[in-house]
Each structure stands twice: as C-alpha cells, then as structure tokens.
Amino acid sequence: MADLQHVLGPADLSDADRAAILELARSIKATDGVPVPSRLRVGALYFDPSLRTRASFEQAVRVIGGAAQTLNPADTWNIELDPQAVMDGTSVENIVEAAGVLGRFFHLIGVRSFRRPGPWAVERTEPVLSRIAEHAGVPVISLEGATHHPCQGLADLLTLHEHFGDDLRGLPVTLCWSWHPRALPTAVPHTFLLQAALAGCDVAVAHPEGLDLDPEIVAQARTAAEARGGRVQVTHDRAAALAGRRVVYVKSWGPLEGGAPTPTSLRHWLVDEAALAATDAAKVMHCLPVRRNVVIASEVLDGPRSIVLDQAGNRLWAQAGLVSHLARRHGVIA
Amino acid sequence: MADLQHVLGPADLSDADRAAILELARSIKATDGVPVPSRLRVGALYFDPSLRTRASFEQAVRVIGGAAQTLNPADTWNIELDPQAVMDGTSVENIVEAAGVLGRFFHLIGVRSFRRPGPWAVERTEPVLSRIAEHAGVPVISLEGATHHPCQGLADLLTLHEHFGDDLRGLPVTLCWSWHPRALPTAVPHTFLLQAALAGCDVAVAHPEGLDLDPEIVAQARTAAEARGGRVQVTHDRAAALAGRRVVYVKSWGPLEGGAPTPTSLRHWLVDEAALAATDAAKVMHCLPVRRNVVIASEVLDGPRSIVLDQAGNRLWAQAGLVSHLARRHGVIA
Amino acid sequence: MADLQHVLGPADLSDADRAAILELARSIKATDGVPVPSRLRVGALYFDPSLRTRASFEQAVRVIGGAAQTLNPADTWNIELDPQAVMDGTSVENIVEAAGVLGRFFHLIGVRSFRRPGPWAVERTEPVLSRIAEHAGVPVISLEGATHHPCQGLADLLTLHEHFGDDLRGLPVTLCWSWHPRALPTAVPHTFLLQAALAGCDVAVAHPEGLDLDPEIVAQARTAAEARGGRVQVTHDRAAALAGRRVVYVKSWGPLEGGAPTPTSLRHWLVDEAALAATDAAKVMHCLPVRRNVVIASEVLDGPRSIVLDQAGNRLWAQAGLVSHLARRHGVIA
C-alpha cells in the first residue's frame, strides 16, 4: 500500500498536488454545474462532532458526482487500536477489521479523530488516523486529526489566493491567538502555520507564554517557508506581530499537553478593531465556529475585514478539488 | 436579499406560486420517473425531532435530481441568536455565521424549529427561522416552525384537490380539535386553517374553550377565505361544526402560551364513527403521527373515510413541487 | 399484497431468486462502474445499532443508481404494534401508519429489528418485521431480525462461491460456536446454517450444551440440505466437528431465551490455529465485528485462512444484487 496517498496534513501533498487541487477547486467552483456521475464512493467517519465539515465534505463528494456517506462510530462503536489485544472489555471491534471493511465499501475514506486525552508525544503520531490509513487499503483524508486539519488548510489557501492573487510569497500573515473559555486543540493553528509557510508567506505567530505550538511543526514550517522565500517568526508581543500585516488568522488554542481552561486574565487577547488598527488593512480569517465578542468582536466579524464566510464556503470547493484529485490519481474517476 | 423567497407559512406563496407548485407536484407524482440530475444542493436542519419530514424532504430533493443532506444541530450545536452577545457561555456559534455558512454550501435550506418555551408574543415572530432567513443568503423553507408547517399545508392541499377536484371554493371542511395527553403546538392547525382559507373553502374550526388559535392568523384566514368566496367560523360546539361537512381535519393542540397537559375531562373529543355520523360522508385527515383510539378511533383510521396515508404520501410530491419551484425561480435549475 | 416479495430470511428466496441475485451481484462487483440512475428510492430503518449494514446497504442502493436513506426511529419514535391499542402512553405512532407512510415514500424498505426481551416463542414470529411487511405495501428486506440476517447470508454465499466454485454441494462447512462476554442473538448462526443447507453443503454445527439453535430452523435446514445432497449434523464435540472441514464459520451466541452472559468456563472455545489444525486447510469466516483473541485469535484473523474481509466486502455486492432483483421483480427498475 506504499502507493496510497493519504492526506493527514498539509505536507502530505506536494507543491504539484496542491497546484492541481487548487486548479480543480477553482474550476468546480466557477462552474457549480450539474455533477458528472461517477462510481466514486466516499465514507466519512466521525469520532468527534462536526457539522460544517459534515456538510461540506458530503456535498464536496456529490459536487463531483460521487456518493458520500457520513458515519458516526461514536454512537455505536468502541474501537480497539491494538491488533493483539484480548478484547474481553468494552471494545467490540478492532481497527484492523473496522478500517479493512470500510476500505472494501468505499474508494476513499475521510476520518475525524481529535486529539484525545493523554500525552502529546503519543497524540502527535495520530494513533487513530495512521492506523486506519495502515489498514484501510484506500486513501484516507483527515477531517481534522490531533496534529492537523488539512481540508481547512486547503480552504484557507484557496481563500488567500482569491484575495491576494496567484503568488503568496512574502505575504505578511499573522496567526494570532485569542482567548476562549476552553483549552482547544492545536490542529487548526498547526495547519495554518504550515500551509502558509508552504505558500512562501511571511508568517508571524503571536500567542501568550506557555502556549507554544509543536516545536517540530514550527521547525518544519520555518524550513518550508525559507525554501520558498518566506519566513516564520514566533512572538509573545501581539502588537508587534500585527503591525503592517495583510492577513490576521485568529484562533484560540490550549497547551499541547491539554488541561485546564485558559485563564481569564488573557481575555484582553480578544481581537477587535483597536487591535487591528495598526495592520495594513488586514483581512481577518477564522476557521469557525467563532465565539463573538470573546474570540473576535462583532464589529470585526460584521465589517469589511472579515473573510470568514469566504473561508468556510471554500471548504466545499477545496474538498471537491482534493477528493477529485485523489480519485483521479488512484484511478477511480477518469 | 429582498429578492429571496422564503417560505415560512402558507401566505408566503402567492396564488400563482401555489398553482405552479401543485402543477409540478402532480406532474412529478404522475411520472415518478428517473430523476434528471441537477446541481441543486439542499440542506435540511432539524432543531427538533422528525422522521416523516426527514424522509419525505430528503427524497423530494432527490426526486428532482438534487443532493439533499439532513443535519442535526441539536446533537452538537448550541446556537446564539443575538449577534452582539458576549459568547462566553455554552453557545459555540452565532446564528449569523451558522446561517451564512449553510448558505454558502447549499442553494436552499430547510429548517425545523418548533415553538420553544417562552411567551407566544415572541415565538410567533419565528425567532429562529426568521434569523436564519435573514442571514442565509438563500431561500429558507420552514419544515415546521412555531407558527406554521407550510410543507404539510401543501401536501394537504394536493390531497384535497385529488379527492375534491380543481376548485375547492365553498368546500365544507372542519378543523376539529381532539384530546392528546400532551399540549401540542399549533403550527399544523394554523396552517390547515390558513391553507384551506386561501383555497376558498368554507372552514369551520371546533375546539374547547381556552384553546383559541392565534387571533391574527384566524383573522388573516377569514380575510383570505372571504376574498375567495369562502368563510371561516370558529365554535366550541363540535356537533354543529361537523354536521354536513365533507372533510374533517383532526388535530390536537394546547394553549398558545403552552403549559399543562390538556385535562382528561376532554377525552370525549376523540373522533370516532359516532362523532362523524352527521357529516356528509366526510373524509378524515390528520398530519400524523396519530395516537389511535385517543385522537382518532381505529375504526375511522382503518375505514374508507381515512385519507391520512394519502396526505402523508403527498408530502413527498408537494415538497418536490415546492423545492423545484423555488430552485427554478432562483435560477438553480432550468 | 400477496404478490409482494418480502425477504425476512434465506427461505424467502427460491433457488431461482438466489441464482439471479448472485449473478447480479457478481456482475455489479466485476464492473464497479458508474451507476445507471434509476427512480428507485429505498429507506433503511434501524431500530437497533449498525454501522457495517448501514454503510453497505446505503451504498448498495447507490451502486445500482437508487436513492437510499437511513432512518433511526430509535432516536425519536416509540412505535405501538397493536392497531387496536388505546395509545395514551408513550407510543406516539402505530405500526400501521409508520409502515404505511414509509411505503408511500419508498419503493422498498430495509428494516433492522433485533430480538427483543421476552419469550422466544413470540420473537421467532418477527413481530416488528412481519407487521411492517404487512402494512408497508412495498417489499421489506430484513437488515437482521430476531430469527435471521438474510443479507449476511447472501454475502456469505457469494464469498463461498468465490472461494469454492459454482457448486457448493457436499462442501464440508462447520458453524463453530465461540465464547463472548455477552449473550448474543442467534440470527446470524440461524442464517448461516440455513443458507449453507440451501446450497447443499455438508453442514456441521458445534456448540456447548444449552445453546441449541431454534429446533424448527435446524429441521428446516436439515430438510433443505438433504434435498440437495447435503446434510446437517449438530454436536457438542468441537474437535470432531472441525476435523477435515474446508470452512469454519465462527460465531458466538447465547441461549434462545436470552439471559445471563455465557460462563467464562467456556472461554477455551476461542478459535485459534491449534483448534483449526485438523481441518482441511479450512477458511475461516465471521460476520464481524469480532472480538480478537476472545472469539478468534489474531493469528487466525491475520493469517491466510481468514476470509472475513472478503465476506464483509461482499455485503455491498450481495445487497446490490438483492435490491436490484427485487426492484426489477416489482417493476421499479427495468
């Protein structure tokens, strides 16, 4: 199965893959035509809640003429990850059979499995997604894992291209932390950082102390950016990180090791118009859902800076491009 | 968005709309042919339970070649209705973004949101449905709101035409209250009353004291009926309201302000053959689900009077007509 | 409705039906082509949990160009089975209307309804499935009932043909009980027994004392096998039942009358390589999900004997054949 192309993070796609996916996405979006029926069957398996991804992923498959089906194992399945386990407890199915069966029914499988409790050193290996990819026998797309949310990354990239043109090299973008009552996972910030770096942007990351992103992903992003004429800078000084920027990607996250809610003393990281005044008329992005007046002020979301709905809408087209690309590459559609 | 045609109640459709929808519904039903593939994508969002609507609405979209997707926000979403709220509580998404995103994924959105606890004066403004319609950017169809159930109304109308011909003006129909252990909402009786009035029927409404329907909707129905040669009469005398009628539409409901279950002293409002003896061989309608031998006797439901399955079956075709009409009007399908 | 062909168990299909279904299944599987759009609408109603059946049945309908919809009445419906009941309790809908309505929306209905608590003498009449079949007005397919799982049976049969050729008469197959922490229902073992007998196999059944299968189904299988040159033997001696066999179908089940978990003193019925050493290089089958190292050892599941994924994958194609056959027979597709 070495030939299978799984997409668990932005770096699983080459520059050529990404260019092909964006080209397909743009073309499908521009037409929004009657789908050409195909034999493509795609299963989407959610170990965690979703509505935006659920809607946009299922529709993305239909837009390219395929049959999508959304499955919720959380309702009924307790899956054992160790193929050698003595399964006399609560798990009724092993990942070997679960993944193997889905790979017989579907040509391609999307899976959502968030970071679970436990050490980051384990979670960063994507224990669920990587084992499904190992046993499915068909390409697996992450619909948000512990480390990355590659579909969101492609939608973000499509949105950046729509607003800033074909060449994003050197574009000053800032990934800006914001407060949230819960300690959220880091998949989206990891992906935006790496995706923007792979596009050659000039990426700043601003967050409070103690909320470092994964050091290896930061290093990977830095290398990718520098190879393409961009750079990656990380700071705790939000004002410095916002001055003169063209794009501010707002996102809250908690510590890599999980744990307690973020202290309310950080609520002033709320992104409002005052915080954005020194940017270069920055566009504001967020993956949604967003807590108004806690993460981003309503004045920003309702004003001309916000491109959050463009981003969300592009989930549909970016995913259509991704699925279409993989289905072609694996010979499922012509 | 003034140009968008939302359908939250029977009066949101003109007589010409209604005629076009019925014509489409009849034609689609007569053929039940292979769907002509279209680019239409329809989302159906259920804040409240459903199975009949869920099945018939999704199939209605498929019958006309579109892609339907059923979404259950109740499982995962706690939606804030105030765009200016400081969202540091349990709501994770604002209606502005929730509706806006769905409007980017789908060409048309169906939404079910029943009357919630709280004053009728608030609920009668359809706080959920009207805000989604405001922010979606695409047409919104009520799949039962606080005030109306317009899809049921169209199915009822199609059924009346099938049994009583093209011209329903002057047809003596009675909306007849019945007992039920719970205080049910008034959307269905409101809609049948107004829909029958808009068809020019001679409408009688019979219910016990203290269970008045919304006075403005009754007045609106009266005006509509009289403009078309019909009339609307409301009474607490069931026997008088049933004598000589051709159609008896049975439905239970509670007080507009909600509250306690209906007293068991009203159980004799059960509709059985004895109650219907003085009608003019009336056909019996009900929106289903119906509690046998509590709301309607089995002898009625299993006998020749009952057209409740015709009604339910027509949900499919009436909704196919409605969605097709709206998709055409908005240029989604040709 | 005498003309309707319901499929609640293997014996509801004639030998000619079965041959036609297998031929369709093989042809659809060999092509896996672009579905030919049809007008077929199929509803799948789950009173009990499922993921494998849910995925494979919905995809089976799509593979043949139809529209499938999965419905979960357990979430919202409490259905009364007695048409004459006074429904003033918790049931909100009667099976008469529930089945009748679905029969108006769909051309064919799949239903899953496991054995419920209560006497086997009642459950073996399939109270839920048979009443839906009685009132639906369209063909009903069991997606696992109290007595049988006919879709699994067809997938098993397709798999046996793929591995052992066109003529299965005399093939030595063993249905071999295994331990499981819960007392599982008997639908799958009943079906494998009867399905193999209908194919003329030489069927052995091995299980501990006190776990007899339904005597009438055993007798029916014996008659069917003997009429086709096979036989049925039941024993408590597992070693004797495994010696020289070509196929071992492993399955755990509890007593017909339900009740307590199987005693752990029976854990040595685990099927491992040692247990299979005296077979004739037997292939191992199981309907999945399977508890590794409790029901079957990992060494067996991961080795060359196991054809459990072939079986599971064939659910898709066997069901496509079955639905296609019924839809043709009832004139829904050409």
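Author: What follows is a description of the contact between chain B and chain C. This is a predicted model, in which local features need pLDDT of at least 70 and side-chain atom pairs count only at pLDDT 80 or more, while totals for chains, interfaces and linings use all residues. Residues are numbered from 1 along each chain as its sequence is written, chains are lettered from A in the order in which they are written, and side-chain values use heavy atoms, with hydrogens and water left out.

Counting contact as heavy atoms within 4.5 Å, the meeting place draws 34 residues from chain B and 33 residues from chain C. The two chains bury about 2,800 Å² between them, with 56% of it on carbon and sulfur atoms; buried area here is the accessible area (1.4 Å probe) that two parts lose on being put together, summed over both. Of the area that chain B buries against chain C, B:Leu51, B:Arg291 and B:Arg292 supply 24%, more than any other three residues.

B:Arg292 also joins its side chain to that of C:Glu97 in a salt bridge, at 2.8 Å from N to O, where the term stands for a side-chain nitrogen of Lys or Arg within 4 Å of a carboxyl oxygen of Asp or Glu. Across the interface of chain B and chain C, the rule finds 6 salt bridges.
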